[in-house]
Amino acid sequence: MEQNIFHLQYAMDTFYFLVCGALVMWMAAGFAMLEAGLVRSKNTTEILTKNVALFAISCVMYLVVGYSIMYDGSLFLSGIEAVDEAAVLADFAAREDGFVGGSIYSGASDFFFQVVFVATAMSIVSGAVAERMKLWAFLAFAVVMTGFIYPMEGAWTWGGASVFGLYTLGDLGFSDFAGSGIVHMAGASAALAGVLLLGARKGKYTKDGKVNAIPGANMPMATLGTFILWMGWFGFNGGSVLKLGDIANANSVAMVFLNTNAAAAGGSIAALALSALLFKKADLTMALNGALAGLVAITAEPSTPTALEATLFGALGGLLVVGSILALDKLKIDDPVGAISVHGVVGLLGLLLVPLTNDGASFSGQLIGAATIFVWVFVTSFIVWSILKAVIGIRVTEEQEYEGVDRSECGVEAYPEFVSNN
């Protein structure tokens, strides 16, 4: 009887993991639509190409080296093989806690769930460097980011390894349930390094400090992308429970879904309200980024807050993202889609909110963990971007930027009947 229940739970947890992974994979479509909507029409094909290619590169690099670095501490793929049923049952029989204790699922499902997280981190970078970065320089960076930079910081956090033998983040009270820091702030840190070396788009900032708005070409597409990301986030956070097949974990999954949705709603409302106060008009892009900011803010700990607390945490993220986008423009840091603010600044907020509802985390541990992630990803990314800049260059020419990178990088325009140089 007990063995039959074990079989059922194993199948259920594996299936749940795979479905949540598929939802997170669908976030790739969300990023592609969001970014394609927020860039100018003459750069649409290129940003879509980046999103398709970065996802494929992420999957291959994490398969070949990334997963092993993150969880095995080795440089090469140790092997993700089909599970031997007899070995799984023998392991179950030897466990003192029986089937009620830890998570039980296929190793291949674990890899699939992890690899789509890597792609999410890399997707954050593409929007921030949009409209002026060379396609092949970006893809070369994607190889290093997904195969080495991300897996190393993942090994120190979710992998439980010590940071260069100096300290273990888990022992210091660091907690990041689904990746506000490990995924989102990491992606934003890499993006920031690239943006600083790349520079702003032509015409974005004037010599007297004025900021010129460069509107996106397709607001319906950006809105669709946001809703796709919102939906995919249920897999992102919900799958991070790692288990479904008992009462306690089923309730935890339900709470995570509830809080994820509540935070997104709170973030969107807060950002829309603040933008209306500041600009005297309802700013759709701020409402969209507010929803995403709420999602990022709750990702570090969606299981312990109440639904009302999750809504308030999301609202804080929504308010912060508006202020951050305006502040980065004042600093002349050009981020066409607001990715650094949404995923980086609010990612840090998410980490710092964790100790408010989770007694297992400490503010000092969260700060040290955030600093570790940022310093590692920013410094290594800056080095890689610098090498690429010196060797092949990372920015297109002024003429190519004016004409649009669709022509120079891809040779295909997304809207050939309507494209202009505006």
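The dialogue below goes through these features.

Guide: This is a predicted model, in which local features need pLDDT of at least 70 and side-chain atom pairs count only at pLDDT 80 or more, while totals for chains, interfaces and linings use all residues. Residues are numbered from 1 along each chain as its sequence is written, and side-chain values use heavy atoms, with hydrogens and water left out.

Visitor: What is the volume of the largest pocket?
Guide: Rolling a probe the size of a water molecule over the atoms shows where empty space is left. On a 1 Å grid over the protein atoms alone, a pocket is an open set of points with protein on both sides within 12 Å along at least five of seven lines, a cavity is a set where a 1.4 Å probe fits but cannot get out, and lining residues have an atom within 4 Å of a point. The largest pocket here has a volume of about 640 Å³. Its lining has 26 residues, and those closest to the centre are Lys 204, Ala 213, Thr 285, Ile 325 and Asp 329. Helix α10 gives the most to this lining, with 5 residues.

Visitor: How many cavities of 30 Å³ or more are there?
Guide: The search of the whole structure finds 3. The largest cavity has a volume of about 60 Å³. Residues that line the largest cavity include Phe 31, Ser 123, Asn 289 and His 343. Two or more residues of this lining come from each of α1 (2–38), α4 (107–128), α9 and α11 (339–353).

Visitor: How many salt bridges does the structure hold?
Guide: A salt bridge is a side-chain nitrogen of Lys or Arg within 4 Å of a carboxyl oxygen of Asp or Glu. The structure holds 8. In one of them, Lys 50 pairs with Glu 46, with the closest N and O atoms 3.4 Å apart. Both residues lie in helix α2 (residues 44–71), 4 residues apart, about one turn of the helix.

Visitor: Is Lys 50 buried or exposed?
Guide: Buried means under 20% relative accessible area, exposed over 50%, and partly exposed in between (1.4 Å probe, protein chains only). Lys 50 counts as buried because its relative accessibility is 0%, and Glu 46, at 1%, is also buried.

Visitor: Which residue meets Glu 398 in a salt bridge?
Guide: Lys 202 does, at 3.7 Å from N to O. Glu 398 lies in helix α13 (residues 398–403) and Lys 202 in the loop between α6 (180–198) and α7 (219–238), so the pair ties together parts 196 residues apart in sequence. Glu 398 is exposed, with a relative accessible area of 56%.

Definitions and conventions: Points joined across faces, edges and corners; volume = space filled by probe spheres on them.
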